[in-house]
Amino acid sequence: MSLIDIAKEVNSAVLDVFGEDPVSSSIILDRVGGPLEIRGVFEAQREVLDLGSDGAEVAGYSPALFVDLDQLVVVPERGDVLTIRGDRYRVRDRNPDGQGGCWLLLHKA
C-alpha cells in the first residue's frame, strides 16, 4: 500500500470520527444551480501561521473546515459561501495537504 493510499484511508477515518453529522449539522456549499451538502471537520478556531512580508511568521486564528477532495463533487473555491451549524462563512483560502485532504480557511460572511 502506498503512502498516498494510507493518507486517503486516514482522511476517511478522520471524517468518519470527527466529521459533522450530516443529519443534525449539515455543511452547505451555496453554488449557482443549488446548494450542495458536503462533509467535513469544522474547527471554530484553528491556528494559522502565515509568513509576513519580511519573512517572519505571523500566528492567528481562523475558522476552518477539513474536507477530502476526492469525496467532493465540487471543490469550494476562494469566495464561496458555506453554511456550517447555521452560520455563514466565506472561503478565504485553501490549504491542500498533497494527499487528497484540504483545509479551507474561512471567515464569517
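Mentor: Let's start with a term: a polar contact is a pair of N or O atoms within 3.5 Å, where, within protein, one atom must be able to donate a hydrogen and the other to accept it. Keep in mind that we are looking at a predicted model.

Trainee: Thanks! Which backbone oxygen does the side chain of Ser62 reach, then?

Mentor: That of Leu106, at a distance of 2.8 Å. The side chain of Ser62 also has a partner in the side chain of Arg92, and this polar contact spans 3.5 Å.

Trainee: Where does Ser62 sit, and is Ser62 buried or exposed?

Mentor: Look in strand E4, which covers residues 57-68. The cut-off for buried is under 20% relative accessible area. Ser62 has 3% relative accessibility, so Ser62 is buried.

Trainee: What is Ser62 in contact with, leaving aside neighbours within four places in sequence?

Mentor: Start with Glu43, Ala44, Gln45, Arg46 and Val48, which are among its contacts. Arg92, Leu105 and Leu106 are on the list too.

Trainee: Let's move to charges. How many salt bridges does the structure hold?

Mentor: The general idea is that side chains of opposite charge can pair when their charged atoms come close. In this structure there are three salt bridges. One of them joins the side chains of Asp30 and Arg88, at 2.9 Å from N to O. Asp30 is in strand E1 (residues 27-30) and Arg88 in strand E6 (residues 87-96), so the pair links distant parts of the chain, 58 residues apart.

Trainee: How should I class Asp30 and Arg88 by accessibility?

Mentor: Partly exposed lies between the buried limit of under 20% and the exposed limit of over 50%. Asp30 is partly exposed because its relative accessibility is 29%, and Arg88 is partly exposed because its value is 42%.

Trainee: Which residue forms a salt bridge with Asp93?

Mentor: Arg78 does, and the closest N and O atoms are 3.0 Å apart. This pair also links distant parts of the chain, with Arg78 in the loop between E4 and strand E5 (81-84) and Asp93 in strand E6, 15 residues apart. Arg78 counts as exposed, at 61% relative accessibility, whereas Asp93 is partly exposed at 26%.

Trainee: And what does Lys108 pair with?

Mentor: Lys108 forms a salt bridge with Asp87, where the closest N and O atoms are 3.5 Å apart. Lys108 is exposed, with a relative accessible area of 52%, while Asp87 is partly exposed at 32%.

Trainee: Now a nonpolar residue. Where does Leu36 lie, and what does Leu36 touch beyond four places in sequence?

Mentor: Leu36 lies in strand E2, residues 36-38. Its contacts there are Ile27, Ile28, Leu29 and Val74. With a relative accessible area of 29%, Leu36 is partly exposed. For a distance to check, the C-alpha atoms of Leu36 and Ile84 are separated by 12 Å, and these residues are 48 apart along the chain.

Trainee: Last one: which residues make the nonpolar surface patch of about 450 Å²?

Mentor: Met1, Leu3, Ile6 and Val10 make that patch. Met1 is placed in the segment before helix H1 (3-18). Its relative accessible area is 71%, so Met1 is exposed.

Methods. Residues numbered from 1 in each chain as written. Predicted model: local features only at pLDDT ≥ 70, side-chain atom pairs only at ≥ 80, totals over all residues. Heavy atoms only, no water. Patch = residues over 30% accessible without salt bridge, like charges linked within 9 Å, V, L, I, M, F, W, Y side chains within 5 Å. Areas by Shrake-Rupley, 256 points an atom, 1.4 Å probe, with all protein chains shown as cover. Salt bridge = Lys/Arg side-chain N within 4 Å of Asp/Glu carboxyl O. Helix = DSSP H or I, 4+ residues; strand = E, 2+ residues; numbered from the N terminus. Buried < 20%, exposed > 50% of the residue type's maximum accessible area, 1.4 Å probe, protein only. Contact = heavy atoms within 4.5 Å.
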